Amino acid sequence: MGEWLAQTPAVAASIAVVFGPGLLVLAAVGVRGLGLWALAPALSTTVLTASALVTGLIGIPWAPLPALLSTLILAAAAFALRRAFGLDVTPGRRPDRMRPVLVAGIVLGIMYTVLRLALYVGEPAAVSQTNDAAFHLSALRFALETGAASPLEISRVIGATSFYPSGWHVLAVLVPALTGATVEVAANTVSLVIGALAWPLGVAYLARSAAGSTAGAIAAASAGALPAFPLLLMQWGILYPQLLAVAVLPAALGAVIQANTLRGEDSPGWRGALRVVFLVAAAAAAIAVAQPSVLLAWAAAALVFGASSLILRRAAFGRRARALSWGALLAGTVITAAAWWYFSRSVSVTWPPFAGKVEALLHVLVNAYLGYPPSILVSALALVGLIVAAIMPRLRWLAVVWLGFACLYVTAAAVGSPLARSVLVGAWYEDPYRLAALTPVATLPLAGVGGAWLITIGIRAVRRMRKGHHEAEAEAEAEVEVEVEVEVEVDETGGRDDLGPRVAGVSLALLGVAAAVALVLTPQIDRRDVFVDRVDPNLYAVTGDSFLTADELTLLERLDELVPEDAVIIANPSTGASFGYALSGRDVVPRTWAPPPEPAYSTLWTNLRDVAADPAVCSALDAFDARYMLDFGPGEAYPGRWIMPGFTDIEGQPGFELVDREGDASLWRVTACP
């Protein structure tokens with residue numbers, strides 16, 4: 001962990017970027033307590049991405065100063081509107097205070113998740129050995145050099161002009177701009193903050209909003225216990241935008257639950273309603289600018305909760321209000337269905353099923369997705385919570401959401417029907433990894449519900465033993481509903497009965513012991529690739545045969561000393577050369593794992609090594625203004641990668657001059673073309 005401590009400035013900057021803007025705006029709006037901290041990453045994403053979009057449109061490069069000024073302007077505007085319209089908390093409402101057991105659960109969850117992720121990544125400067133990492137690191141380098149980070153600009157890194165959700169990039173690029181850290185350090189520290197801080201806080205907020213502080217504490221303490229998230233998305237892809245979107249999803253759902261107080265005796269009134277609507281919209285916007293497909297999951301879960309709330313509280317609504325509410329719910333359903341259909345039809349790259357239906361169902365029940373080891377304790381608590389939620393009307397929506405997410409995963413993993421796959425999971429590329437990462441959003445709150453219910457049952461058993469058999473029977477007959485909140489109650493003598501908090505504290509301590517044992521026994525959980533039946537011990541380790549090899553990395557790190565600043569270097573992206581631009585700053589083409597679509601590149605793909613004999617090769621090089629090339633080998637036969645014979649075996653070929661070599665990796669200047 002010494003390497004992480006050495007990067008304290010980058011870690012601190014990442015925390016400031018992910019939480020700072022959101023905390024300022026939320027505090028200006030009047031949000032306090034857990035909601036302030038849980039919603040801060042979502043608000044930061046929305047505020048900074050919107051600011052980058054505006055500054056980009058008016059020609060101001062994205063950098064820390066524009067980010068700070070735009071945040072201060074928005075916070076000041078929010079505070080002014082709050083004071084002008086009297087949008088303070090309604091008098092008489094209790095302040096949002098976090099109980100000690102909830103704080104303890106959050107701290108435990110953060111500590112465990114930090115260790116789990118940091119131990120896997122290894123060093124802060126490690127490079128994810130995955131296809132998508134090349135694009136995302138190149139996008140950070142591009143945004144840092146040009147100031148173009150908004151969703152309308154970031155795709156220029158690969159020569160495109162299309163919209164791309166750049167919420168993660170807008171945040172991450174500020175870290176090297178503030179500290180001078182490399183783009184790979186920024187990517188890792190920002191992802192650590194998102195996965196190990198934002199995620200446990202969001203899970204705690206969602207579970208507490210749904211079922212109380214004890215459920216929130218247990219859910220938060222278990223936040224890093226399921227490999228499906230956040231670890232899986234630090235391995236597969238690497239899907240940095242998906243990581244951010246899923247991490248803020250629980251807080252965004254928690255904001256929807258808070259909207260349930262807009263009517264009834266505890267209603268905050270129209271002023272409070274405006275605040276809640278703002279929070280819900282801002283949190284949903286954060287998901288949209290990070291990874292829009294996750295917005296579909298948020299909308300579906302929010303609609304389930306909304307329908308459940310309307311059914312349970314129909315007596316609190318008048319006829320007109322009831323009609324308007326159901327009309328809004330119907331409109332939301334139509335919009336969500338249309339967006340779902342649009343995304344499912346617009347995706348072209350898909351993954352096939354890999355498991356049987358029974359096997360996929362077992363994955364869901366024991367949280368052993370995609371061949372990862374099962375999480376027995378959390379799964380047991382979640383199954384108890386699922387039963388409790390199915391029994392309790394006010395929590396039934398959570399069981400439905402869990403079932404929906406589980407069905408999406410089973411569809412991607414085991415259903416062979418092309419139509420069913422396209423309609424149901426096409427928006428997620430029919431990718432079981434992306435869908436497995438959604439399931440903890442419902443599983444962890446259910447585990448919190450199950451744990452809180454077991455604690456409640458245990459406390460009642462102890463109290464019955466104290467009161468005697470007959471009094472206990474009378475008490476049991478008076479109970480009409482299972483409770484999942486462990487409250488501090490006043491006993492018959494007027495003293496405080498702290499049995500509930502003590503039992504909850506002991507339960508958290510046991511979870512902490514289980515977490516410590518898990519870290520000792522399995523400090524790293526290997527990545528499983530079910531599509532090629534392969535287990536990767538660590539995708540951040542640079543070795544002699546990794547995607548980016550040790551020789552390739554060494555050569556790329558001195559590339560800026562070997563070629564002129566305006567030089568263009570052509571290469572095979574199915575080797576470590578796809579990281580060339582990100583790690584060196586020199587224009588290595590392509591800047592991503594995918595080959596360029598230009599026909600000229602196809603010529604180089606097959607015939608570059610024959611430049612002295614084939615005149616078409618020089619014309620193809622001219623299309624990219626390239627006179628240098630990297631020979632990192634032929635590539636490999638792996639999903640998303642190709643064998644490209646034209647880029648290898650340059651030694652001895654006429655028309656090339658060796659510039660530098662590191663082991664099996666070499667840099668050449670093309671001399672055959674004028």
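Select helices H5 and H9 together: their crossing is right-handed, where a crossing is called left-handed if the near helix is turned anticlockwise from the far one by less than a right angle, and right-handed if clockwise. H5 covers residues 100-121 and H9 residues 183-211, and their axes come within 9 Å and cross at roughly 150 degrees; axes here are lines fitted to C-alpha atoms, for helices over the stretch in contact, and angles run from 0 to 180 degrees between N-to-C directions. H5 is therefore roughly antiparallel to H9, given that angles under 35 degrees count as roughly parallel, over 145 as roughly antiparallel, 65 to 115 as roughly perpendicular and the rest as oblique.

Now show side chains for the contact, which means heavy atoms within 4.5 Å: on H5 the residues include Leu 102, Ile 106, Gly 109 and Ile 110, and on H9 they include Asn 188, Leu 192, Gly 195 and Arg 208. The residues of this contact of H5 with H9 divide into 13 nonpolar, four polar and one charged, with Ala, Val, Leu, Ile, Met, Phe, Trp, Tyr, Cys and Pro counted as nonpolar, Asp, Glu, Lys and Arg as charged, and the others, Gly among them, as polar.

This is a predicted model, in which local features need pLDDT of at least 70 and side-chain atom pairs count only at pLDDT 80 or more, while totals for chains, interfaces and linings use all residues. Residues are numbered from 1 along each chain as its sequence is written, and side-chain values use heavy atoms, with hydrogens and water left out.

Next, select H16 (residues 376-391) and H17 (residues 396-414), which pack at an angle of about 125 degrees with their axes 6 Å apart, and are therefore oblique to each other. The crossing of H16 and H17 is left-handed. Leu 386, Ala 389, Ala 390 and Ile 391 of H16 meet Arg 396, Ala 399 and Trp 402 of H17, a contact with six nonpolar, no polar and one charged residues.

Move on to strands E8 (residues 656-662) and E9 (residues 665-670), which run antiparallel and are joined by six bridges; strands pair if DSSP finds at least two bridges between them. Leu 658 stands opposite Trp 668 in E9. E8 and E9 form a hairpin with two residues between them, and Gly 663 in the turn has a positive phi of about 60 degrees.

Finally, zoom out: the protein chain has 26 helices and nine strands, these being DSSP runs numbered from the N terminus (helices H or I, at least four residues; strands E, at least two).
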